[in-house]
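Good morning, colleagues. Please take a moment to look at the sequence and the structure, and I shall then guide you through them.

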Amino acid sequence: MEAEKKKQIRVWCDGCYDMVHFGHANSLRQAKALGAYLIVGVHTDEEITKHKGPPVYTEEERYKMVRAIKWVDEVVEGAPYVTTLETLDKYNCDFCVHGDDITMTADGVDTYHLVKEAGRYKEVKRTAGVSTTDLVGRMLLMTRQHFYRGQREYEVGKEGSSTMGQDSAARSPWTGCSQFLPTTQKIIQFSEGKEPKPGDRIVYVAGAFDLFHVGHLDFLEKARAEGDFLIVGLHTDPVVNSYKGKNYPIMNLHERVLSVLACKYVSEVVIGAPYVVSADLMDHFKIDIVCHGNTPIQPDSETGEDAYGIPKKRGCFKFLDSSNQMTTEKIVERIIQHRLEFETRNQKKELKEIAAFEAMKKSQMLNGEA
């Protein structure tokens, strides 16, 4: 009976989904688990700019990114910033789901107050250690020590950055970034847990997939179309740094794993894949075709050999043109070019969240909940 009831449940989520990251994906995964059909409303650029400042991604990019998250059944474009009962009824949704942080309008009003009052609101746990605010901060501070090696490789920088929301102390309790702590359970939750079926054509691609974006998405869609089972090899942080330079990658290996696993075109991920696609790797995963995008392929830094030499010799290598020119570097350029706007956005957001958090704690003390 419970299973039958759950089959009928339609769940509503909404948000900006700017720089769609694994925190967003994890929230949607939890929301989908509460019902059978998940509808996600995405706000317009105009609405986001009005209430919290300019988004990094355009609304068309955000619509496309959210549609590609494996737990999403339907996307509603231009969803209202304040969630109303009319919106839930229009899409036949039983209730609305959001993380355990507070989202507010430009006037400081809780955007979910109407559905909360009506008892049609449920909360899920937000993913600690990542937020759009933090990722913007990492890009604005490209010289900071967010890229470490050795025992500090997965540490999130705690140095003071008064405008970025990096320091978890004396910051917003929601977007002040704490260290991201990966677990095997989290990877299992994101993984399909499926193996290729007999006769499946297995496709392999590899790269950094840093700040997972629409360029990556279009490439992976093309790669998946080459076969039935898509494996993505993710290079380690030091390897990515060796060919990207500067302070890349922006996101560490574990963060990139979850971002890629959330994509509906991806079947499996190789964590810390070797830069050179070896015969052993191809034989182990029974790879039929190896694909690469239009980005330049640098020779192996240690041996100088062609990273795709083996698949080329086997006649199973293919260049794919995703027809999308977006790169991680271009996203960083967007941030740098509008530095002051994004700094101001982050500052305002943190101040509003701190005020809301204090008001919430005060209310709980008055009601004897604390």
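I begin with a term: a residue is called buried when its relative accessible area is under 20%. The model before you is a predicted one.

With that term in hand, consider strand β2, which covers residues 37–42. Five of its six residues are buried, so β2 is largely enclosed by the rest of the structure. Its partner is strand β1, residues 10–15; the two run parallel and are joined by six bridges. In one of these pairings, Arg10 has Tyr37 of β2 as its bridge partner.

Let me now turn to the whole protein. It contains 15 helices and 10 strands. Of its 370 residues, 53% count as buried. Among contacts with a separation of 6 or more, 77% are between residues 24 or more positions apart.

Finally, I come to the largest pocket. Which residues lie nearest its centre? They are His216, Lys244, His292, Asn294 and Thr295, from a lining of 31 residues. The space in this pocket is about 740 Å³. Four elements, namely β6 (202–207), α9 (214–224), α10 (237–244) and α14 (328–337), each give two or more residues to the lining. Of the lining, α9 supplies the largest share, with three residues.

Thank you for your attention.

Technical notes:
Residues numbered from 1 in each chain as written. Predicted model: local features only at pLDDT ≥ 70, side-chain atom pairs only at ≥ 80, totals over all residues. Heavy atoms only, no water. 1 Å grid on protein atoms, 1.4 Å probe; cavity = no way out; pocket = protein on both sides within 12 Å on 5 of 7 lines; lining within 4 Å. Points joined across faces, edges and corners; volume = space filled by probe spheres on them. Buried < 20%, exposed > 50% of the residue type's maximum accessible area, 1.4 Å probe, protein only. Contact = heavy atoms within 4.5 Å. Pairing = 2+ DSSP bridges.
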